Amino acid sequence: ATLNRLQACSNLRTDEARFSIIGVARDIRGIACATNRRLFPLMFDLLYPACLPLFTRALDTWWDDPAVTVAVLKLWMEMAENKEGRIYFDAAFPGGLLLFKEMAASITTYGKHILAQGPVADGQDAYKLRFKSIGICLASMALALTGQYVTFGAFTLYGDKTVDEVVGVLMNLALSIPKHDLIAFHKVATAFYSFQEALFRHALSLVISLETSTVVQLLQLLHFGLSNALQTNVHILCARSIDRFASFLFRNRVRNTPLSLRMQQHMQQVPGLIEDLQLVLLKQIVTDEHTDLGILAHPLLSLILASGEAFLSVTTAFVKKQKVLAQESVTNAFKDLMQGVERNLEVENRRKFLRNVQAYRQQLKGVEELNLE
């Protein structure tokens, strides 16, 4: 009854409509949370197409009210999560695609309003007013990207700009958050780096097709997160994204495909990035006691294979910073790092490299007064 009343309401900018939207969004979210592979399609049939567009209207009307935006966006985050494969439809019915389009419409509508406003004024609670909702948007898209219920290539094939538009809006929203604020709020940082990792894993071509300035900022934020975030899960997400990105560079280093050429254009704007990423990983392997070594070793190998010249430059400079008595030990540790490692990213080769990384860590930990500055 409440849904029907809201749908029939021409003006949602009233207190009564506001409370009803919040209540309905919370109620449906609670129901969705309890659904399984059998019940989720039934719930979707009841909500689409009659009811779901209402929530895009709600965000279009109440984009400036955190109580409404959080309630509606959390509903979409719950709907986007493919828990236990519950988002399952008959092969002849594009339910996953339709669900994604509705969620994308809501996120895009909300995002465009926020981007049109500029930064939050000094003295206001930026997390409450903006960052929390942006984080939920990013988390929702990360869940959709990893849910495996949408074939994103279908949008490109049929000239549908839904994916391009929502990813573009989300990138602008994420990059509107100052980087120190980004990592200061754990949930926002986790949402952003989860979104980035999902994009790099499932839709790297989308990332590469973005504007060079945007791609450069994303890559720099990976370095920033790995270097400055205090949360282990952020380190893991950054490392995985770096591995995907560096693996692409290695596998496409001699190819002249449109994607590889586009990536080369991006990389020309940040010529020192590979060295910076290699250096921070080499240091973190020694100092980080919480992140699994394999998580850090994978991107390091990919980066070394992508640019052996950068690795030589980084290690040479690192050795020169050490005291004279320590330089030989550090040099040997770097030489042994690639001992027996071939130029490929196969599982067995990664295992060999991991064993070398373990030895490298022990060697450098044994160096007195090691300079990691």
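C137 has a relative accessibility of 0% and so counts as buried, a word used here for under 20% relative accessible area, with exposed meaning over 50% and partly exposed in between (1.4 Å probe, protein chains only). The model is predicted: local features need pLDDT of at least 70 and side-chain atom pairs count only at pLDDT 80 or more, while totals for chains, interfaces and linings use all residues. Residues are numbered from 1 along each chain as its sequence is written, and side-chain values use heavy atoms, with hydrogens and water left out.

Let's stay with the cysteines for a moment. A disulfide is a covalent bond between the sulfur atoms of two cysteines. Here the working rule is a pair of cysteine sulfur atoms within 2.5 Å, and by this rule the count is 0 disulfides.

| Cysteine | Nearest cysteine sulfur | Distance |
|---|---|---|
| C51 | that of C9 | 15 Å |
| C137 | that of C33 | 19 Å |

C51 is buried as well, because its relative accessible area is 7%.

Now for the chain as a whole. The protein chain holds 20 helices and 0 strands; these are DSSP runs numbered from the N terminus, helices being H or I with at least four residues and strands E with at least two. Its C-alpha atoms fill a box of roughly 80 × 50 × 35 Å along the principal axes. Of its 373 residues, 51% are buried. Taking contact to mean heavy atoms within 4.5 Å, 75% of the contacts between residues at least 6 apart in sequence join residues at least 24 apart.

What lies inside? A nonpolar core is a set of buried Ala, Val, Leu, Ile, Met, Phe, Trp, Tyr and Cys residues joined through side-chain atoms within 4.5 Å. The largest one has 137 residues, and M79, F100, M141, Y193, L199 and F245 touch the most other members. Helix α7 (residues 126-146) gives this core its largest share, 11 residues. Which residues does F245 contact, leaving aside neighbours within four places in sequence? They are F200, L219, M263, M267, L273, I274 and L277.

F19 is a residue to look at on the outside. F19 sits in helix α2 (residues 15-33) and counts as exposed because its relative accessibility is 56%. F19 and A67 lie 48 residues apart in sequence, and their C-alpha atoms are 9.3 Å apart in space.
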